[in-house]
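Here's a quick briefing to read alongside the model. Keep the structure open while you go through the points.

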Amino acid sequence: MHAPPGIVPGFPAGRDVFVWRGVEAAALDLDFASPDRPTLVTDVLGACAEPPATGSDREDLWRLSLAARVGGLLAVLASTTRSDVLDRVVSCPGCGEDLEVSLPVALLLDLARSAEAHPETVVDGPDGPVTLRRPRGSDQRAWRQAGHLDPEAAVIATLVVEGAATDPAVLDTALAEFDPLTCFRLDVGCPSCGLRSGVPLDLEGTLLLDLARAQARTIRDVAALARRYGWSEAEVLAVPAWRRRTYLELTDWS
Ligand SMILES: [Zn+2]
């Protein structure tokens with residue numbers, strides 16, 4: 001088994017590198033159905049950091065860029081599934097055909113690290129250069145709490161470090177290019193209709209969905225093994241996932 005990957009968040013905190021563990025032992029209490037997605041992401045990262053992030057460490061998770069938070073979720077999922085690729089099915093925008101894609105986890109983690117290394121970008125606005133910074137989890141929390149009437153303009157305004165934000169559309173496009181993990185697009189060619197296109201993929205949402213499935217699977221395992229062997233939840237979770245699988249297979253045969 002390989003060691004769980006870490007993300008270098010680049011914030012002034014007690015720990016330099018987060019080490020992630022799988023969702024199954026760490027996060028059975030998490031409510032993946034929560035409508036407050038930014039808080040859910042912080043909760044998942046906090047529960048799956050080793051050691052768990054609470055207090056000021058949890059605040060540091062909020063201060064991570066959205067790209068780093070996606071990277072953290074990816075690292076947690078990789079620790080959970082022990083898989084090097086993220087398999088996804090997207091629909092061809094031309095003919096609707098299902099397209100299977102395999103995204104290398106290492107490549108996506110590199111994108112997250114690279115995003116952390118470059119927290120700002122300069123774009124050509126209609127009134128001269130504009131310096132933008134990456135959006136952070138704490139921005140999402142503030143935007144959510146503020147309930148702006150014009151959320152897009154308010155969001156862009158908070159990300160302008162220097163210059164005039166007169167045209168939100170230009171800055172919006174610049175941000176999408178600057179932040180490939182948060183505005184993720186897959187360049188796919190369709191074998192059925194031949195269309196080559198950029199298909200948007202909500203990486204954060206799809207990772208949360210996978211983690212929710214892993215959590216549900218663990219809870220099912222706990223229930224089955226507790227019933228079969230009379231173990232407590234803590235006893236079942238102390239058994240590595242691969243051995244739990246073996247015990248469950250034995251249960252099927254008996
Ligand atoms: Zn097609």
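This is a predicted model: local features need pLDDT of at least 70, side-chain atom pairs count only at pLDDT 80 or more; totals for chains, interfaces and linings use all residues.

Residue numbers start from 1 along each chain as its sequence is written.

**Overall make-up**

- The protein chain has 11 helices and nine strands, with helices (H or I, at least four residues) and strands (E, at least two) taken as DSSP runs and numbered from the N terminus.
- Among contacts in the protein chain with a separation of 6 or more, 65% come from residues 24 or more positions apart; a contact here puts two C-beta atoms, placed from the backbone, within 7 Å.

**Nonpolar cores**

- A nonpolar core is a set of buried Ala, Val, Leu, Ile, Met, Phe, Trp, Tyr and Cys residues joined through C-beta atoms within 7 Å.
- The largest one has 32 residues, of which V44, V70, L73, L74, A112 and L207 touch the most other members.
- At least two residues of this core come from each of α2 (37-48), α3 (56-63), α4 (66-81), α5 (105-117) and α9 (203-229), and α4 gives the most, with 10 residues.
- Leaving out residues up to four places away in sequence, L73 touches V41, V44, E204, L207 and L208.
- Another core, of seven residues, lies apart from it and includes V130, L132, I156 and L171.

**Helix packing around α4**

- α2 and α4 pack at about 50°, with axes 10 Å apart; axes are lines fitted to C-alpha atoms, for helices over the stretch in contact, and angles run from 0 to 180 degrees between N-to-C directions.
- That angle makes α2 oblique to α4, given that under 35 degrees is roughly parallel, over 145 roughly antiparallel, 65 to 115 roughly perpendicular and the rest oblique.
- α2 passes α4 in a left-handed crossing, in which the near helix is turned anticlockwise from the far one by less than a right angle (clockwise would be right-handed).
- On the α2 side V41, V44, L45 and C48 meet R69, G72, L73 and V76 of α4.
- α4 and α9 pack at about 30° with their axes 10 Å apart, and are therefore roughly parallel to each other.
- The α4 and α9 crossing is left-handed.

**Strands**

- β5, β6 and β7 form an open sheet in that order, with antiparallel pairing; two strands pair if DSSP finds at least two bridges between them.
- β5 (120-125) and β7 (160-162) are the edge strands, each pairing on one side only.
- Six bridges join β5 to the antiparallel strand β6 (residues 128-133), and V123 stands opposite V130 in β6.
- Helix α8 (residues 168-178) packs on this sheet, touching β5 and β6, and its direction makes about 145° with that of β5.
- Elsewhere, seven bridges join β3 (residues 85-91) to β4, and the two run antiparallel.
- β3 and β4 form a hairpin with six residues between them, and G96 in the turn has a positive phi of about 85°.

Key: A residue is buried if 20 or more other C-beta atoms lie within 10 Å of its own, exposed if 12 or fewer, and partly exposed in between; C-beta atoms are placed from the backbone.
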